[in-house]
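Trainee: Please go through this one with me, I'd like to hear how you read it.

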Amino acid sequence: MMDDITGVHVGPCSNSDYVKPLRIHYTQKGQSKTWDIVRVHNSVSIVIYNISRNVLVFVRQFRPAAYFNGIAKQDLANVDVGSVVDTDKYPPRGGMTLELCAGIVDKDTSLEDIARVEVLEECGYVVPISSLKHIVTFRSGMGVCGDRQSLFYVEVTDAMKQSTGGGNADEGELIEVVEMTVSETREYIQRKDVSSTEIGRASCRERV
């Protein structure tokens, strides 16, 4: 099971290929200011619609950041490097998210090619670059990172399914492919509290 997760504890992040905390200093209208930011990779995400069976294709996975931020405020105040998280009190299922197929921009190639690879790795569909439609590029996490996320839309058929997907095992990815009908997607995006990014909800709303 994907939520078979144990031994959760907090360690230092002194060297990362994915994030780098920085402090920006600047002067605005004569007033000196500082702002703490995190440098991250830009990313792509893809709305996948299977026209063979009229279903949208999503991915479910464990997100440590979502799990960590699900810890109650009073307990979170005591969490520091070396802390062990009580997985009985905070079951790992709290970190399971439903998302669009997505990936970071960490290769010297086009955004469309990165999106194509992610669709194959995560969801198992072989899609030509020409079938990927760029919807919008927007900024995310304005207060902390402000990275650029590019959203694509692609239509697939059952005949384009080459594998079960599941992510890149060499990178430690463990992903479940989730299909939802249009009505199921509508019901989901109307919930008041979901474990999904806002752009995922908004993009699905636009497509259905």
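Trainee: Which residues does Glu179 touch?
Mentor: Setting aside residues up to four places away in sequence, Glu179 touches Arg53, Val55, Leu56, Val57, Tyr125 and Glu184, where contact means heavy atoms within 4.5 Å. Keep in mind that this is a predicted model, in which local features need pLDDT of at least 70, side-chain atom pairs count only at pLDDT 80 or more, and totals for chains, interfaces and linings use all residues. Residues are numbered from 1 along each chain as its sequence is written, and side-chain values use heavy atoms, with hydrogens and water left out.

Trainee: Where does Glu179 sit, and how far is Leu111 from it in space?
Mentor: Glu179 belongs to strand β9, residues 176–181; helices (H or I, at least four residues) and strands (E, at least two) are DSSP runs, numbered from the N terminus. Between the C-alpha atoms of Glu179 and Leu111 there are 24 Å, with 68 residues separating them in sequence.

Trainee: Is Glu179 buried, exposed or partly exposed?
Mentor: Partly exposed, because its relative accessibility is 34%. Buried is under 20% relative accessible area, exposed is over 50%, and partly exposed is in between (1.4 Å probe, protein chains only).

Trainee: Changing topic, what about the largest nonpolar core, which members touch the most others?
Mentor: Among its 17 residues, those are Ile46, Ile48, Val119, Cys123, Tyr125 and Val154. Such a core is a set of buried Ala, Val, Leu, Ile, Met, Phe, Trp, Tyr and Cys residues joined through side-chain atoms within 4.5 Å. Two or more residues come from each of β3 (43–50), β4 (55–62), α3 (111–123) and β8 (147–156). The largest share, four residues, is from α3.

Trainee: What does Cys123 touch?
Mentor: Its contacts, leaving out residues up to four places away, include Ile48, Val57, Val59, Cys101 and Val177. Apart from that core lies another one of 14 residues, with Tyr49, Phe138, Val178 and Ile189 among them.

Trainee: Why do cores like these turn up?
Mentor: In soluble globular proteins, nonpolar side chains tend to be buried together.

Trainee: Which residues of helix α4 are buried?
Mentor: In α4, residues 182–189, the buried ones are Thr185, Tyr188 and Ile189. They share one side of α4, because they cover an arc of only 90° around the axis, the arc being that of the directions from the helix axis to the C-beta atoms.

Trainee: Zooming out, how many helices and strands does the chain have?
Mentor: It has five helices and nine strands. Of the 208 residues, 33% count as buried. Of the contacts with a separation of 6 or more, 65% join residues 24 or more positions apart.
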